[in-house]
Amino acid sequence: MNMKKFAPAAMTALLFGSVVVPVASANEKPTETEQQSSQIQIDPVHIFNNTHGTVEKVDAGENITYFTVKDGDQTNILEITKDTLVFDNTGKKVELKEGDKVVAYTFANKPQKLIYPPQFDPDVVIVETEEVGFVEVDYFFENLTNTYDVLKLNIGENTELLNEKGEKVAAKDLAEKHLVVFYTASTRSIPAQTTPSKVIVLDNESENTVEEEIAAIIAKDSYEVDGTKMVPLRLIAEKLGYTVESTGKGAIVSKGNVSYTLTRGEKMFGFNKALRPLNAAPALLEANKTYVPVEFVEEYLK
């Protein structure tokens, strides 16, 4: 994902005069006071959905563990797998447990299941501890400043640089990427500068490849039925790691504790123990090949 740098002069005007420069998230809006004093209105770049709260319940499945996180009256569910990045605020890899105070970051453009309470498949989860340590999860430009030019990275000899798989990367691999940055102190300059202890690149090339493969499947193998694009269920679901079991009249698609039961000719489908509607009924448009609306893939499988 490449982003063009925007309004650097505006942000300088917005921040000038502050004695202490806070290291803010890319999802936070400038305060009302700052907006009024600068007379500049800047919309936030919404990159991540942030889920805050305390883990109050843990339900372990075969491949996914569901963590119920509460923040006041708000309840959210986090889907955590063995591949989910979970660190404490100092950069140490940890396992989530009941009672942990967490902040979970999920790419805002990820399809979200239409379910209550809201359910997220986070890209990284940070567990808050009493130890000194700050975390910034954001997009960083070529000069390693984040989206609001609030934080600039100076990579040192001892900065640990990794990708999502834990493999070492070079400083040149950080530019124009989404990063998880761990640090303990920053300057009071504009932007604030820090030499992080650890940086993790979130842009997973293998995930991009899967998305490209799915896009290629849809481009090559799809039908238009009453204004709805129909796509092959098994080819796409298995590419995304789901198991597809034929029922003779349709299929059961499952991964971990999530299960979908689709029946050809019926617009309602089973989602665990609930029912959900489709824009069009699954259909056998080719021999031994069930097709479903593309919206089902976008909203439920990805």
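Helices (H or I, at least four residues) and strands (E, at least two) are DSSP runs, numbered from the N terminus. The structure is a predicted model, in which local features need pLDDT of at least 70 and side-chain atom pairs count only at pLDDT 80 or more, while totals for chains, interfaces and linings use all residues. Residues are numbered from 1 along each chain as its sequence is written, and side-chain values use heavy atoms, with hydrogens and water left out.

On this basis the protein chain has five helices and 22 strands. Of its 302 residues, 43% are buried, where buried means under 20% relative accessible area, exposed over 50%, and partly exposed in between (1.4 Å probe, protein chains only). The accessible surface of the chain comes to about 16,200 Å², and carbon and sulfur atoms hold 49% of that area; the areas come from the Shrake-Rupley method with a 1.4 Å probe, and for residues only the protein chains shown count as cover. Contacts, meaning heavy atoms within 4.5 Å, were also sorted by distance along the sequence: among those between residues at least 6 apart, 59% join residues at least 24 apart.

Lysine 198 counts as buried because its relative accessible area is 11%. Its contacts, leaving aside residues up to four places away in sequence, are Phe87, Gly91, Thr159, Glu160, Val180, Val181 and Phe182. The C-alpha atom of lysine 198 is separated by 6.0 Å from that of leucine 161, 37 residues apart along the chain.

The next topic is the nonpolar cores. A nonpolar core is a set of buried Ala, Val, Leu, Ile, Met, Phe, Trp, Tyr and Cys residues joined through side-chain atoms within 4.5 Å. The largest has 27 residues, of which Leu233, Val253, Tyr260, Leu262, Phe296 and Leu301 touch the most other members. Two or more residues each come from helix 3 (205-220), helix 4 (233-239), strand 17 (250-255), strand 18 (258-263), strand 19 (268-271) and helix 5 (294-301). Helix 5 gives the most to this core, with five residues. Valine 253, one of the members named above, touches several residues beyond four places away in sequence, including Leu233, Tyr242, Tyr260, Leu262 and Leu301. Apart from this core lies another, of 17 residues, with Val103, Val135, Tyr139 and Ile200 among them.

Aromatic rings deserve a look of their own. Rings of Phe, Tyr and Trp (its six-membered ring) pair if their centres lie within 6.5 Å; planes under 30 degrees apart count as stacked, over 60 as edge-to-face and the rest as tilted. By this rule there are 15 aromatic pairs. The pair of tyrosine 139 and phenylalanine 141 is edge-to-face, because the ring centres are 5.4 Å apart and the planes stand at 80°. Both residues count as buried, tyrosine 139 at 0% relative accessibility and phenylalanine 141 at 4%. Tyrosine 260 and phenylalanine 269 form a tilted pair, 6.2 Å centre to centre with 55° between the planes. Tyrosine 260 is buried at a relative accessible area of 0%, and phenylalanine 269 is buried at 1%. Lysine 255 lies over the face of tyrosine 242, at 4.4 Å from the ring centre; a charge sits over a ring if NZ of Lys or CZ of Arg is within 6 Å of the ring centre and within 35 degrees of the ring normal.

Two strands pair if DSSP finds at least two bridges between them. Strand 1 (residues 48-60) runs antiparallel to strand 5 (residues 101-107), joined by seven bridges, and threonine 54 stands opposite lysine 101 in strand 5. Strand 1 also pairs with strand 2 (residues 65-71) in the antiparallel sense over six bridges, with valine 55 opposite valine 69. These two strands form a hairpin with four residues between them. Aspartate 59, in strand 1, is partly exposed, with a relative accessible area of 32%.

Strand 15 (residues 228-232) has four of its five residues buried. Its antiparallel pairings, each over three bridges, are with strand 14 (residues 223-225) and with strand 22 (residues 289-293). Methionine 230 stands opposite tyrosine 223, and its bridge partner in strand 22 is proline 293.
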